[in-house]
Amino acid sequence: MLLILPDKSTRHIETAPLPLEAILLAEGINPLEVMASRDGRLITEDTVVTNADEIRIILISHGG
Amino acid sequence: MAFPAHQRAGPVCSACAEPAVFFQRHTGLHLCGLHLIEEVERNVRTTISSRQMICPDDRVAVALSGGKDSTALLLILNRLLASRTDVQLVAITVDEGIHGYREDTIRSAEDLVSRLGIEHHCISFSELFGGTLDTFLKNRPEQACSICGILRRKALIVGAELAGATKLATGHNLDDEAQSVMMNVLRGDLPRLIRDTGTDSSGLFIPRIKPLSYMYEKEIAAYLMLSGAWNDLPECPYAVHALRREARSILATLEYRYPGTMLNLMKSKIKIKEACLGKIPSEPIRHCRECGDPCSGDLCQLCRLRQTLTL
């Protein structure tokens, strides 16, 4: 899986199908503080993601 | 672990069969784009009506920084009030003068009001106070939020008065409000914990309303994304110095582990306020001996700040 982080850096992760939430937590990210998209669509943190997926993580900046 | 194909495709909306884009953890509901937008607007409508935030003939000034919360607030109010000919919306933007941060958000605010056709007033710290926040914070960046808070409050009041507003609406969300409850408890500041700025029987203040105060920050972000109004804007560079940042992190962790924590904090605040009703004498409103503005002491916060910053 290709994980695109909010700072635009990328991580290649080899994993069995897992809920996105587990991937985020392993990366030290609280699922409440980000949104995630796959193929340009928002997905929920309990969506199961696979090695074939490209997941973009969007940081919810505070304030404003 | 094997997951069935339908789960790999993602959960579906609890209200229809469309793919879910949002998981509302405190209710356990999954929502598709359409139902999330409906839920957000229903929530704001309920918050406004249950607290009688907007009345006939109101002229509501939205404090529009151009960041996500105020953008969502203006978009939602514009939609909810579209059929109300007896209520007017205006927007006020304060330029604090934060280099490398404010330029983008002000541009975003200008684009939004232009697209919606909403009257817009801009006011800057330089015009009002003779300098930018960046200059005031030289050698004291750790005081950024308290100094900016005092100056911003004054700038918004001036802007709202210039716009002839009867209400000042801010984009504070549930996360912000829960953080404030926690910070006031940590500081032991009971008067501030129970203070109500939404009504004013004295006629001295423009009442402040917070229509997003029961919306989670993540719901607002998803609403903007689905409305095509999401802008990936930076966070204020001074936010790193704030106690709020620590409160935010602690509360976000608690909310993740125990969904509904932030709503429960708000319920606690209401119960404390009800329990204190009539037991804590409200401070008499006085007038600042320097500027004449209403305040609780001899000098208002702004005039006290002027003495230290030589504004």
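This is a predicted model: local features need pLDDT of at least 70, side-chain atom pairs count only at pLDDT 80 or more; totals for chains, interfaces and linings use all residues.
1. **The interface.** Start where the chains meet. On chain A, 29 residues are in contact with 36 residues of chain B. Together the two chains bury about 2700 Å². Carbon and sulfur atoms account for 57% of that area.

2. **Polar links across the interface.** The salt-bridge rule finds 4 salt bridges between chain A and chain B. Polar contacts join 7 residue pairs across the two chains, counting pairs with both residues at pLDDT 80 or more. Which parts of chain A each supply at least two residues to the side that touches chain B? They are β3 (18-19), α1 (20-26), β4 (34-38), β5 (41-43) and β7 (54-59). By class, this side of chain A has 14 nonpolar, 8 polar and 7 charged residues.

3. **A salt-bridge network.** Look next at A:E45. A:E45 forms a salt bridge with B:K218. Their closest N and O atoms are 3.6 Å apart. A network of salt bridges links A:E45 and B:K218 with A:E21 and B:R25.

4. **The largest nonpolar core.** As a general point, nonpolar side chains tend to be buried together in soluble globular proteins. Here the largest nonpolar core holds 42 residues. Which of them touch the most other members? They are A:M35, B:I54, B:L74, B:L77 and B:L89. In chain B, the elements giving two or more residues to this core are α2 (33-50), β3 (59-63), α3, β4 (88-95), α4 (102-116) and α10 (217-226). The largest share, 6 residues, comes from α3(B).

5. **One core residue, and a second core.** B:L77 shows who its partners are. Setting aside residues up to four places away in sequence, B:L77 touches B:I48, B:I54, B:V62, B:A82, B:L89, B:A169 and B:P211. There is also a second, separate core of 34 residues. Its members include B:A61, B:L151, B:L168 and B:L302.

6. **B:S70 in helix α3.** B:S70 sits in helix α3 of chain B, residues 68-80. Is B:S70 buried or exposed? It counts as buried because its relative accessibility is 1%, and the cut-off for buried is under 20%. The side chain of B:S70 reaches the backbone nitrogen of B:S65 at 3.0 Å.

7. **B:P19 in a loop.** Find B:P19 in the loop between α1 (5-9) and β1 (22-24) of chain B. Its relative accessible area is 39%, so B:P19 is partly exposed. B:P19 and B:C32 are 13 residues apart along the chain, yet their C-alpha atoms are separated by 5.8 Å. Neighbours within four places in sequence aside, B:P19 is in contact with A:R41, B:P11, B:V12, B:C13 and B:C32.

8. **Salt bridges over all chains.** How many salt bridges does the rule count over all chains? The count comes to 21. One of them joins A:R38 and A:D53, with closest N and O atoms 3.3 Å apart. A:R38 lies in strand β4 of chain A, and A:D53 lies in the loop between β6 (48-49) and β7 of chain A, so this pair ties together parts that are 15 residues apart in sequence. Both A:R38 and A:D53 are buried.

9. B:R152 and B:E96 meet through their side chains in a salt bridge, at 2.7 Å from N to O. B:R152 lies in helix α7 (residues 144-162) of chain B, and B:E96 is in the loop between β4 and α4 of chain B, so the pair ties together parts that are 56 residues apart in sequence. B:R152 has a relative accessible area of 21%, so it is partly exposed. B:E96 counts as buried, because its relative accessibility is 2%.

10. **B:D86 and B:R84.** These two side chains also meet in a salt bridge, at 2.8 Å from N to O. B:D86 is partly exposed, with a relative accessible area of 26%. B:R84 is partly exposed too, at 29% relative accessibility.

11. **Two positive phi angles.** A:K8 has phi near 75°, a positive value in a residue other than glycine. A:K8 lies in the loop between β1 (2-4) and β2 (10-12). Its relative accessible area is 56%, so A:K8 is exposed. A:D39 has phi near 55°, again positive in a residue other than glycine. A:D39 is placed in the loop between β4 and β5. At 71% relative accessibility, A:D39 counts as exposed.

Key. Residues are numbered from 1 along each chain as its sequence is written. Chains are lettered from A and ligands numbered from 1 in the order in which they are written. Side-chain values use heavy atoms; hydrogens and water are left out. Helices (H or I, at least four residues) and strands (E, at least two) are DSSP runs, numbered from the N terminus. Buried means under 20% relative accessible area, exposed over 50%, partly exposed in between (1.4 Å probe, protein chains only). A polar contact is a pair of N or O atoms within 3.5 Å; within protein, one must be able to donate a hydrogen and the other to accept it, and residues adjacent in sequence count only if both atoms are side-chain atoms. Contact means heavy atoms within 4.5 Å. Buried area is the accessible area (1.4 Å probe) that two parts lose on being put together, summed over both. Ala, Val, Leu, Ile, Met, Phe, Trp, Tyr, Cys and Pro count as nonpolar, Asp, Glu, Lys and Arg as charged, and the others, Gly among them, as polar. A nonpolar core is a set of buried Ala, Val, Leu, Ile, Met, Phe, Trp, Tyr and Cys residues joined through side-chain atoms within 4.5 Å.
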